[in-house]
2 protein chains.
Amino acid sequence: MKLSELGEFGLIERIRKVTPKGRGVRLGIGDDAAWVECEGRSFLITSDLLIEGIHFDFRWTSFYGLGYKTLAVNLSDLAAMGGRPAYLTLSLGIPVDFKTENIEKFYRGIRTLAVQSGVSLVGGDTSLSERFFISASLVGHAPYGAITRGGGKAGDDLYVTGTLGDATLGLELLRRKKSKAGKDAAFLISRHHFPTARLKAGLTLAKERLAKAMIDVSDGLLQDLGHLCKASGIGAVIWQEALPLSRAYRSAAGKAGLFYALAGGEDYELLFSLRSHHRSRLEKAKRRMGVPVTHIGKCVPADQGIRVINSKGQPLAIPPVGYDHFKVRR
Amino acid sequence: MKLSELGEFGLIERIRKVTPKGRGVRLGIGDDAAWVECEGRSFLITSDLLIEGIHFDFRWTSFYGLGYKTLAVNLSDLAAMGGRPAYLTLSLGIPVDFKTENIEKFYRGIRTLAVQSGVSLVGGDTSLSERFFISASLVGHAPYGAITRGGGKAGDDLYVTGTLGDATLGLELLRRKKSKAGKDAAFLISRHHFPTARLKAGLTLAKERLAKAMIDVSDGLLQDLGHLCKASGIGAVIWQEALPLSRAYRSAAGKAGLFYALAGGEDYELLFSLRSHHRSRLEKAKRRMGVPVTHIGKCVPADQGIRVINSKGQPLAIPPVGYDHFKVRR
């Protein structure tokens, strides 16, 4: 079977099948990060690939910004487990005609965020390559244990940090060459280039044992909600009017409406489920999370699937979601 | 400056300069693996890139063998630090027309060696890519502390495990389409496809505090000896007639003579320095190392450089060494 038929998620399932779960592995392939035990302590390991032309475009991405975002994306995976990042390795495939100065700018972008987030770059590899690509691995701690995607139950509340859709709308503005279209555009584009990993929120939710299932919104709210629901064995209802949108999003989205908020990727916000009786504890924890959180829906039994409803309780037509690297594009 | 002028090692130096050494980092960029402390315990992290057309060639490499070798190469980096491997992440860039079956064969090769060496595959990433490439990160323990490249002193003995040059000679046979040229060819080619990481040897040398400086021979004896000497601030003399050569190498090397043993890569043997007064302790430890070790030379003061001498004490012309991904090929 060709990969283009099987798809990325199908491939991951196949890989899981040929991969026995080893000693000390609390959680292997299939969550935001792996959760392992070493001599009685919990560690998290996450890896991400970024390839020129697939994950980023040098027409509107600077080397500095790319470095920053490379680390941010990995930090977000650890945030989604309630982890604290520590050590980064970076392997780069570099075209032979690249300028050294640009590679240094890339590392400066890494360094800026590494210093802010307490991360040390400790190693990696470099090789010649036709296209520029980056493979990053980040190791961190889980001082309060890790929060997986699988702990949600029907009846839980669903929350999300920050606002949704900004990064994809920012990317759309870049594609349409509207990067100089005022303050709103500047905000949205900065959300695309410089996402904020919600490390404080993730750690607080783990420490207070508030989040029962958690994932970062990297592929779009609905797709990542789908992963959380599948792992937890539940369905979900999202209240359209509760979706947190930035002022810039509201003013610039136009005909796209809620599309990017529901299906756009790269927001790197945290989506989590909370037992309803923990609401008041969440209220108290909010000020330590460093970002607003919004109650956007409920977990329901699996047979009800995933729905988005308006204030009258009517279901919205859910946009086709799911970015799959290997599936043939339409 | 272009990378093709600066070269890979120049680039690594530049990266080190823009990368501050963080908390808990015992050893960062520039050794076989990073050595970090987490809550009082020592961990090792290593990362390697393997790219189709640069590091391997599907004309003579099977997917199963490639999986096996991917892990072996990373195990060897940990062996060279005296470490014990634990957790692997794998990121793959995969062309869209690849067959799923082949990717599964790749993971089976990983699994075979993972089970043998106590490693768990815990995560990674996959993406579409024009060329197939693999980015692996391996995390391990250093139960006896890590052995760096930098602990050698003038007066130390130099030892190497196993035999040298077999893997490159095997690759040459594959290139010359002599893969069916008898038992010797089969042995040499298997050394190219299925290298053995010297984990037991590395751990024993660390536990017994025998190796003072250590590196794995991945780029060829002379180049890796150069790294060890540079990190230790020493020079070295290698005795030509002491170089450990396999029977197959002796019979198949022909006009190449010692060239592959001195300058060929991918042997994944361990090169280490030993204080001379520890010789008898090394003798006793040998049977626990799982591989023969050979005394091949001495460490000398840095100003004497690196020389290979014959039994009359005459220096050999040292072959031009050093594989650099970014330097323009001659």
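## Helix 4 of chain A

The buried residues of helix 4 of chain A are Asp166(A), Ala167(A), Thr168(A), Leu169(A), Gly170(A), Leu171(A) and Leu173(A). The helix, residues 166–175, is thus described as mostly covered, with seven of its ten residues buried. This description, like the rest of the report, concerns a predicted model.

Just after helix 4 of chain A comes Lys177(A), with a positive phi of about 55°.

## Helices 4 and 5 of chain B

In chain B, helix 4 (residues 166–175) packs with helix 5 (residues 183–193) at an angle of about 110°, and the two axes are 7 Å apart. Because of this angle, helix 4 of chain B is roughly perpendicular to helix 5 of chain B.

On the side of helix 4 of chain B, the contact involves Asp166(B), Ala167(B), Leu169(B), Gly170(B), Leu171(B), Leu173(B) and Leu174(B). Helix 5 of chain B meets them with Ala185(B), Leu188(B), Ile189(B), Arg191(B) and His192(B). By class, the contact of helix 4 with helix 5 of chain B has eight nonpolar, two polar and two charged residues.

## Helices 2 and 3 of chain A

Helix 2 (residues 63–79) and helix 3 (residues 100–117) of chain A pack at an angle of about 40°, with their axes 6 Å apart. Helix 2 of chain A is therefore oblique to helix 3 of chain A. The crossing of helix 2 and helix 3 of chain A is right-handed.

Helix 2 of chain A brings Phe63(A), Tyr64(A), Gly65(A), Leu66(A), Gly67(A), Tyr68(A), Thr70(A), Leu71(A), Ala72(A) and Leu75(A) to this contact. In helix 3 of chain A they meet Asn102(A), Lys105(A), Phe106(A), Tyr107(A), Arg108(A), Gly109(A), Ile110(A), Thr112(A), Leu113(A), Ala114(A) and Ser117(A). The residues of the contact between helix 2 and helix 3 of chain A divide into twelve nonpolar, seven polar and two charged.

## Domains of chain A

The domain assignment of chain A gives domain 1 (3–141) and domain 2 (157–309). Taken over C-alpha atoms, the centres of domain 1 and domain 2 of chain A are separated by 22 Å.

Across the boundary, 16 residues of domain 1 of chain A are in contact with 18 residues of domain 2 of chain A. Helix 2 of chain A supplies the largest share of the domain 1 side, nine residues. The residues of the side of domain 1 of chain A that touches domain 2 of chain A comprise seven nonpolar, five polar and four charged.

## Contact between chains A and B

Between the chains, 64 residues of chain B are in contact with 65 residues of chain A. The elements of chain B that give two or more residues to the side touching chain A are helix 1 (3–17), strand 2 (34–38), strand 3 (41–51), strand 4 (84–94), helix 3 (100–117), strand 5 (120–128) and strand 6 (133–141). Strand 5 of chain B gives the most to that side, with nine residues. The residues of the side of chain B that touches chain A divide into 29 nonpolar, 20 polar and 15 charged.

Val25(B) is found in strand 1 (residues 25–27) of chain B. Leaving aside residues up to four places away in sequence, Val25(B) touches Ser120(A), Val122(A) and Val36(B). Val25(B) counts as buried because 20 other C-beta atoms lie within 10 Å. Val25(B) and Trp35(B) are ten residues apart in sequence, and their C-alpha atoms are 6.4 Å apart in space.

## Positive phi in two loops

Most residues other than glycine have a negative phi. Tyr268(A), a residue other than glycine, has a positive phi near 55°. The place of Tyr268(A) is in the loop between helix 9 (259–263) and strand 10 (269–274) of chain A. Tyr268(A) is buried, since 24 other C-beta atoms lie within 10 Å.

In chain B, Glu266(B) is not a glycine but has a positive phi of about 70°. Glu266(B) lies in the loop between helix 9 (259–263) and strand 10 (269–274) of chain B. With 22 other C-beta atoms within 10 Å, Glu266(B) is buried.

Key: Residues are numbered from 1 along each chain as its sequence is written. Chains are lettered from A and ligands numbered from 1 in the order in which they are written. This is a predicted model: local features need pLDDT of at least 70, side-chain atom pairs count only at pLDDT 80 or more; totals for chains, interfaces and linings use all residues. Two residues are in contact if their C-beta atoms, placed from the backbone, lie within 7 Å. Helices (H or I, at least four residues) and strands (E, at least two) are DSSP runs, numbered from the N terminus. Ala, Val, Leu, Ile, Met, Phe, Trp, Tyr, Cys and Pro count as nonpolar, Asp, Glu, Lys and Arg as charged, and the others, Gly among them, as polar. A residue is buried if 20 or more other C-beta atoms lie within 10 Å of its own, exposed if 12 or fewer, and partly exposed in between; C-beta atoms are placed from the backbone. Axes are lines fitted to C-alpha atoms, for helices over the stretch in contact, and angles run from 0 to 180 degrees between N-to-C directions. Angles under 35 degrees count as roughly parallel, over 145 as roughly antiparallel, 65 to 115 as roughly perpendicular and the rest as oblique. A crossing is left-handed if the near helix is turned anticlockwise from the far one by less than a right angle, and right-handed if clockwise. Domain bounds come from an automatic or database domain assignment.
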